[in-house]
Each structure stands twice: as C-alpha cells, then as structure tokens.
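Biologist: I would like to learn how to read a protein model. Could you take me through one, feature by feature?

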Amino acid sequence: MSPLFGRGDKGVSAEDLTKHADALRSAVDAGGAELDPDQVARARAIATKVSERMGRSGSHTVVAFAGATGSGKSSLFNAVIGAEVAKPGARRPTTSTPTAAIWGDDPAGPLLDWLVVPNRHQVPDSEGSALDGLVLLDLPDFDSREAAHRAEAERVIGLADVFVWVTDPQKYADARLHDDYVAAMKNYGAVTIVILNQADRLTPDQQRQCLADLERLLHRDGLSEVTVLATSARTGLGVPELRDKLSDAVSGARAARTRLDADVRSAATDLRAGVAATEADVQGPHRRELVSALSRAAGVPTVLEAVRRDYQRDAVAATGWPFTRWITKFRPDPLKRLRLDPKEREALTGEGRRALGRSSIPVANPAARAAVDLAARRLADAAGAGLPHRWAEAVSAAAQPSQDRLADELDQAVMATPLRSNRPIWWSLLSILQILLAIAVVVGLVWTLVEVFFGAQDLVDLPMWHVGPFGLPLVLLVGGLLLGWLLALLSRWFAGIGARRRAAGTGKRLDEAIGEVADRVIVAPVSDVLARHRQTRIQLETAAAGGKR
C-alpha cells in the first residue's frame, strides 16, 4: 500500500469503501458456521463500524496519539495544539478517558459521542485553518499499570482513523510496543505515523542511528512504508513537520476511509485463510457411482425383473393360443405383487399416489445400504478435497441425509416412474391371426364331426373339398392347431426380446428418476455448500482487494 499522506493521492472513495464493506458482510453471511466464529464476529463488527463511522461526521479525521508512559505523548499533543490541554507527567489526573482537540467549526459532537470521549477542547481558528476537520486524541498510556487505562487506549485505537505512535530514545525498541501493537497494525501503514520524541536529548548522529534502527524494526513488523519523524515537544523539533503530515491526513477526509478500508481488508484477509482457492465439480464418476448404488438400494433390479415378466405375461395373454389364454389370469401379476400396478396409479398424481403408501419392494439389505454410504462418502470426499476442515465437514454432513427420507424418496421415485408403455402393434396382429387360426380349428372340427356323425347316416350331405390328398376339414383342424402352436412359440420368442427391451427402457427411466433423487437429496445439498463457499471466496476477494489501486 502506498502511503496515504500525499496531496496527489485521493485515497479510497466512499463508494469503494461501501462496496468492500458490503462484500465483507456478504462473505460472512454466505460462509456462516464454516468460517472461524471469532473472525466472523470481528468482520461483522468492522462492517458495522464502517456504517457507523461514515454516518457520523465524515468530514472529520480522528488522529490518536498513543504511547508508553514517559514518552512525552501529552507534551507533544499540547505542542501540536499550541496550548496546554492535556496534563503531562505527574500532573495527569487518574483517569482512563482520552482528551480531544477539535479544529474547525463543523460539529464533532456526534462523532465524539460515538468515540465516547468526554474531554473536549475546541481549538481557536487562529491556530491554523489547514487542520480544519482534525480531531486529535490524547490516549491513556497503553502500558499503564491501570488495566482500565490500557483497555481504553486499545478501544479508541480500534476506532481512530490515523495512528500516531509516540516513543522515545529509551523505549523505541520496546517489545510490548512492537509485538502487541505495531506488528498488529501492519496493514495500516498508510494511516500510521511513528514519532521518535524527545529527540533533543540525542546528538544529530545519535538521532540518525535511532531513526535508522526504528525504521528497521518497523520494517520487520511489516510497516515498510510508514512515516517516521523525530520530534521534541520542548524545543519544537519536528512539530511543524508533524502538523504538515496531519494536514495531509485531514485533506479530503480520506484517512478515515483508508483506515476503514484497511480494517475491511484485514478482516477479509484473515477470513480468506479459511477458504480454498477453488471448488470441485460434483458431477462425474462419483455421481454415477452414487446413482448406481441408490438404484440397487431402491430395488431396481427386482423391479426390472418384474417388468420383464409382466411384459411376457401380457404378451402371452395377447398372442397365445385363444383356447388357453384364460390360464394366464390365474398367474400372479409381478407388478401388482410389488404394489406397482400402473392401473392403480394412472388416475392418481402427487399426494394421491403418496396416499397409497409404500410399495412392496424388498427393503435394501445391509450390503446395499453400505454401498450407498460408501458412494456418498466418496462423492463428499471428492467435493471436499482441498477445502478447509469446516467446509469439508459441511460437505460431508450434506452428503448424509436421513435414511428414512432417502428410502421414502427412492420408493416414491420408483412408484412414480412409468413401468409400461404402449401395447406393441405385433401383439394385435398376432392376436388377430391366432383368432383366425382358432376359427379355422373350430370350423374344421365341427365340419369333421358333422361328417363323422351325420354324414355316415346320410343325414347331412356336406360338400367336400380337398387340399392335395387331405380333406379341407382336416386341413383346417390340423393346420390351425399346428400353425397356432408354432405361432404361440414364435410369439414367446418375440415376447422375450420385447421384455428385455422394455426392461432396458424402463431401467433408463428409473435411472433418471433415481438420479433426480440423488441430485435433490444428496448432490444438491453438497452443491449448495460449494456454492456458498464460492460466494464467500468471491466476496472475500472483492473485500480484500480494496487496497489494490
């Protein structure tokens, strides 16, 4: 990030800040329980802070002077103001509240109320119009022995727009300053000034050495582009330069937006560690394996066998020998035994079909259920590959629906699938042919009986025709019987072929129905988790990219 304090830099626009904060909100809403709860709470607090801060005196810039005991922070605060507002050293009252100095005529009351700063000093206009809009805060010492003082300093630091860390030649390398505060603010270099105060105690060479060492430490902390100044409240060294930097910060009120944007990016970057770079595709071999396992668990092989036998039964009843077709009525209906008779369901849809209850397909055995569990786990493992632990757990949970619900969905899918198709034309053709042959047999039989019982006594004189050496009645009787029997055998052969084709077609329809159940009950919930992960990732990338200008 380039330093904020330059006249040519417009900083972050209000529109961009709002966009980044909204993206952060959307990310935590989409991520839900799959993100670190502490980081989510921080992100929500930051998004709320953006709304609250920008809704309160956006024309002001809040600059906080923070430092250790004895660093001369309050004296430097007074030097910038040009009046003794804060009481330094031993004269400081025992209080944990900060003191504010306000430049300009714009009311800063709502902003200071939000900051909870009761001690306020209005700087006269004569002190310098270049600082109009500046709200300068003198905080309690962050290393105070009073826990309330430290807590108050940390609270206001979290709300300020610009940080001025005040240290001195004795404490500039203090581990508490660098480890607990400065290093934690590595994303805020654009709104940070580090002061080496009381520099008048050093020779020019010592000043250069201390400043070089301080910059080295700041670079180690991650603040490579932070502004570093040497000052002295007693002699006025560096105070004009500090005022210039504060004037730059106030210009355009861009520091507040830059600080808030840094907050958003920091929260988004932390959350981004809990999100993977990509999402897997749940379609493919693992879904096909799942559908196959669900088909076996739903009893599809049993249903297809019943469909095959049902076709053969109906084919025999339609094309078999007319004098023996009635026998098929006494054979059990394979689909009816499974409570899958289409005739009972043709007039019913939706709830009407469900009202008929479950089918009689045998319940899936342990091996079939285990195969479903294994296929679901493999799909979840493939979908969750590369995802952080929380997301992978969510994917795994989504792929494990209620067994009762899954069994009911599969059963209803089978029951709703058409198991019969239109009556084949060849059934009607063979049926007509069989009827004609049956008529020929009856005619030949009657003709023969009449000839035998009545013709011998000359009671009836029927004409007689011959087909070769055989009489026509015998040809009709024997020929009808033989051709009918051969036609029945042929129809059985055709029925076997047709039964296999119908079973294959029904199998495809059942696979589609089972696939819809798999998608609705298992794949869709997994896809929803991945979609939330993608939404979270995209929104975090948008929020974290706020400083890339």
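Modeller: We will go through the sheet, a helix, a few loops and some aromatic rings. This is a predicted model, in which local features need pLDDT of at least 70, side-chain atom pairs count only at pLDDT 80 or more, and totals for chains, interfaces and linings use all residues. Residues are numbered from 1 along each chain as its sequence is written, and side-chain values use heavy atoms, with hydrogens and water left out.

Biologist: Thanks! In what order do the seven strands of the open sheet run?

Modeller: First, the terms: helices (H or I, at least four residues) and strands (E, at least two) are DSSP runs, numbered from the N terminus. Two strands pair if DSSP finds at least two bridges between them. Here the order is β3-β2-β4-β1-β5-β6-β7, with mixed pairing. At the edges stand β3 (119-122) and β7 (227-230), each with a single partner strand, so one side of each has no neighbour in the sheet.

Biologist: How many bridges join β6 to β7?

Modeller: Four bridges join β6 (residues 192-196) to β7, and the two run parallel. Val194 stands opposite Val228 in β7. Elsewhere, β1 and β4 also pair in the parallel sense, over five bridges, and there Ala64 has Leu137 of β4 as its bridge partner.

Biologist: Which way do the side chains of β7 point?

Modeller: In general, side chains of a regular strand alternate between the two faces of the sheet. In β7, Thr227 and Leu229 point one way, while Val228 and Ala230 point the other way, and all are buried. Buried means under 20% relative accessible area, exposed means over 50%, and partly exposed lies in between (1.4 Å probe, protein chains only).

Biologist: And how do I read a helix? Which residues of α5 are buried?

Modeller: Helix α5 (residues 147-157) has His149, Glu152, Ala153, Val156 and Ile157 as its buried residues. Seen down the axis of α5, they fall within an arc of 135°, so they line one face of the helix. That arc is taken from the directions from the helix axis to the C-beta atoms. The buried residues pack against β1, β4 (134-138), β5 (162-167), α6 (175-182) and α9 (254-272).

Biologist: Now a loop, please. Where is Ser71 found, and is it buried or exposed?

Modeller: Ser71 is in the loop between β1 (61-67) and α3 (73-81). Ser71 counts as buried because its relative accessibility is 1%. Contact means heavy atoms within 4.5 Å. Leaving aside neighbours within four places in sequence, Ser71 is in contact with Val166, Thr167, Asp168, Asn197 and Gln198.

Biologist: What is the phi of Gln198?

Modeller: Gln198 has a positive phi of about 60° although it is not a glycine. Gln198 is found in the loop between β6 and α7, and is buried at 13% relative accessible area.

Biologist: Last one: how many aromatic pairs does the structure hold?

Modeller: A pair of aromatic rings is described by the distance of the centres and the angle of the planes. Rings of Phe, Tyr and Trp (its six-membered ring) pair if their centres lie within 6.5 Å; planes under 30 degrees apart count as stacked, over 60 as edge-to-face and the rest as tilted. The structure holds four such pairs. Trp493 and Phe494 have ring centres 5.3 Å apart and planes at 50°, so this pair is tilted. Trp493 is exposed at 55% relative accessible area, whereas Phe494 is partly exposed at 33%. Together with Trp426, Trp493 and Phe494 form one aromatic cluster.
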